[in-house]
Every structure is written in structure tokens, then in C-alpha cells.
Amino acid sequence: MNDISYVDVGDGPVALFVHGVGTSSYLWRHVIAELRDERRCVAIDLPLHGGSAPRDDLSIPAMAEAVEELCAELGLDQVDLVANDTGGAVAQVFAVRHPERLRSLTLTNCDVHTNTPPESFQPTVDLAARGELAPLTAALLDQPELLAQTALGDGYERIDDPADLVDHYLRPIFDKPDGPRAFERLLTSIDAKDMVAIEPLLTVLAVPTLVVWGTGDVFFDVSWARWLRDTIPGVKEVVEIEGGRLFFPDERAGELVPHLRRFWG
């Protein structure tokens, strides 16, 4: 388990945060800053991301097992799980496999069912499949403005410090031995079949669930938030963040946190 890195701050009931592809636990820093005085906030770096090492299996189900390993290692018996992007797919798999671990589940804009990966992300996956994404990204690491526009631009409404995001999200992946190739392997392993397979289990998932969805996301349309509402019986509410994009938990944390507090309360 020493190959998995994580943030662990604060005291109180545990909130566990899961990021998506190409980011890291850093995505949740603003949310954690607001909650650390009332919650024990744990944010994983999924395998390959942040301070975590790559693994042979980088599929969504394997990532879910990495989350379970962290819970077992830290003795996290009951958590409020909060997830974004591919981390939301990981959280759905984790939830149906380990519902006993969950006090609640919150899903923000994320891969759902057949929208895994989303159609507008498919060209990036195709680049990875041809082995062209890693050298292209590596060549741009020292041009953070350009890299932020291309790799992260669609996920944010505005990026004030592109170098900071590149340094916390992409550089840790590409600085690892074989990290660039592992990143391509990760992207090509994201498969809708893993999500379609859990649909029958989602239809009986009674864990209290909140869905918070940015409406300005080019990857994950708000219709998928409604799919979750209509599929998971535990969904209590769908909250729409007007104009919010994929990474609104970073960019507009102040709008997410009150909904978390209210839901957890």
C-alpha cells in the first residue's frame, strides 16, 4: 500500500475524495480547506497520479480496489465518499462492491454508464491508443499556458495559474519512470463495459446519494445526472451548478461545500 499517496487532514467523520484522470488529490484542496475543521478529509491520489506509483492494471475496477485498499489501510469503516470525473466512475464501482463502507455518496460531473469515456474525450483516447499523446504532452510540459488550454481548458471556466495546475496534475505523471506510457495505457483502459456491468447493482444501491452537476460541462451533460437519479434508488437530490464545468469542485468549491454540509447534516 506504500505505492498509494493521499492527503489526510482534520478531525471528525471521514470524507473521502476521489479525483479523475489527469488530475490528483490537489483538485479537492479548496473543498478540504473549508471542511477540515469539521471533518477528517482524506483525498487519494489514484494509481499513477500525484504521489502514487503506476500499477499494471489501471482500469476503473482496479482503481476502485485501490480506494478499498486505502480504506482498509487507514481503518476507514464509514466514509462520506465524494467523487469527480473518472473518479465518479471509480466511486460507483466502489459503492456497489463495498456499500458497507459508505455513509453517503456524492457524485459530481463524471463518467456514467455508456458515456465512459465521453464522446468529446474520444479523440484524446485515440491519440493515446496510437502512442501519440505521451510525446505530445511531454513536449508541452514547459509551456503550461498552451497545455492548460489544450488538456485542461475545457474543464475550467478560467485558469488563472496554468503552471500550478500542470505542476500538480500532469508533471507528477510524466516525471515517473514509464509514467507517460502508463498514462496512455490508463486512457485506453477506460471502458464503458465496466460501467454497464454494474447497472443492475446501481438499481439496488440504497446508500444516500447526492448528485451535484455543473451545467456547462462539454463532457458530461446534465442528462447523465438525471440518469443517476432515475437509476440509483438512494439518490436524494440532484443539484445543478449553473455554468459549472467539469472541474467546478476546484474552481467553485464554495458552491459545492454548502450542499455537502446540508446533505451530510
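Select E255 to begin: at a relative accessible area of 35%, E255 is partly exposed. This is a predicted model. The side chains of R252 and E255 meet in a salt bridge, 2.7 Å from N to O. What is the relative accessible area of R252, and is R252 buried or exposed? R252 is buried, with a value of 16%.

**Step back to the whole chain**

Zoom out and switch to a cartoon view. How many helices and strands are there in the protein chain? The chain has 13 helices and seven strands. Its radius of gyration is 17 Å, close to the 18 Å that the globule rule gives for 265 residues, so the chain is as compact as a globular protein of that length. Turn the model around. Along its principal axes, the C-alpha trace spans about 45 × 35 × 35 Å.

Buried residues make up 58% of the 265 residues. Then think about contacts. Take those with a separation of 6 or more: residues 24 or more positions apart account for 77% of them.

**More salt bridges**

Side chains of opposite charge can pair when their charged atoms come close. The count for this structure comes to 22 salt bridges. Two more are worth a visit.

Select D3 and R55. They form a salt bridge, with the closest N and O atoms 2.8 Å apart. Which parts of the chain does this pair tie together? D3 lies in the segment before β1 (6–9), and R55 in the loop between β3 (40–44) and α2 (60–74), so the pair links parts that are 52 residues apart in sequence. R55 is buried, at a relative accessible area of 19%. Salt bridges that share partners join D3, R55 and E69 into one network.

Next, select D8 and R40. Their side chains meet in a salt bridge, 2.7 Å from N to O. D8 lies in strand β1 and R40 in strand β3, so this pair ties together parts 32 residues apart in sequence.

**Look for empty space**

Rolling a probe the size of a water molecule over the atoms shows where empty space is left. A search of the whole structure finds one cavity of 30 Å³ or more. The largest cavity has a volume of about 50 Å³.

Which helices each supply at least two residues of the lining? Helices α2 and α3 (86–97) do. Now color the lining by class. Eight of the lining residues are nonpolar, three are polar and none is charged.

**Last stop: a loop**

Select V204. V204 lies in the loop between α10 (199–202) and β6 (209–214). Is V204 buried or exposed? At 60% relative accessibility, V204 counts as exposed. V204 and I232 are 28 residues apart in sequence, and their C-alpha atoms are 6.7 Å apart in space.

Definitions and conventions
Residues are numbered from 1 along each chain as its sequence is written. This is a predicted model: local features need pLDDT of at least 70, side-chain atom pairs count only at pLDDT 80 or more; totals for chains, interfaces and linings use all residues. Side-chain values use heavy atoms; hydrogens and water are left out. A salt bridge is a side-chain nitrogen of Lys or Arg within 4 Å of a carboxyl oxygen of Asp or Glu. Helices (H or I, at least four residues) and strands (E, at least two) are DSSP runs, numbered from the N terminus. Buried means under 20% relative accessible area, exposed over 50%, partly exposed in between (1.4 Å probe, protein chains only). On a 1 Å grid over the protein atoms alone, a cavity is a set of points where a 1.4 Å probe fits but cannot get out, and a pocket is an open set with protein on both sides within 12 Å along at least five of seven lines; lining residues have an atom within 4 Å of a point. Grid points are joined across faces, edges and corners, and a volume is the space filled by probe spheres set on the points. Ala, Val, Leu, Ile, Met, Phe, Trp, Tyr, Cys and Pro count as nonpolar, Asp, Glu, Lys and Arg as charged, and the others, Gly among them, as polar. The radius of gyration is taken over C-alpha atoms; the globule rule is 2.2 Å times the number of residues to the power 0.38. Contact means heavy atoms within 4.5 Å.
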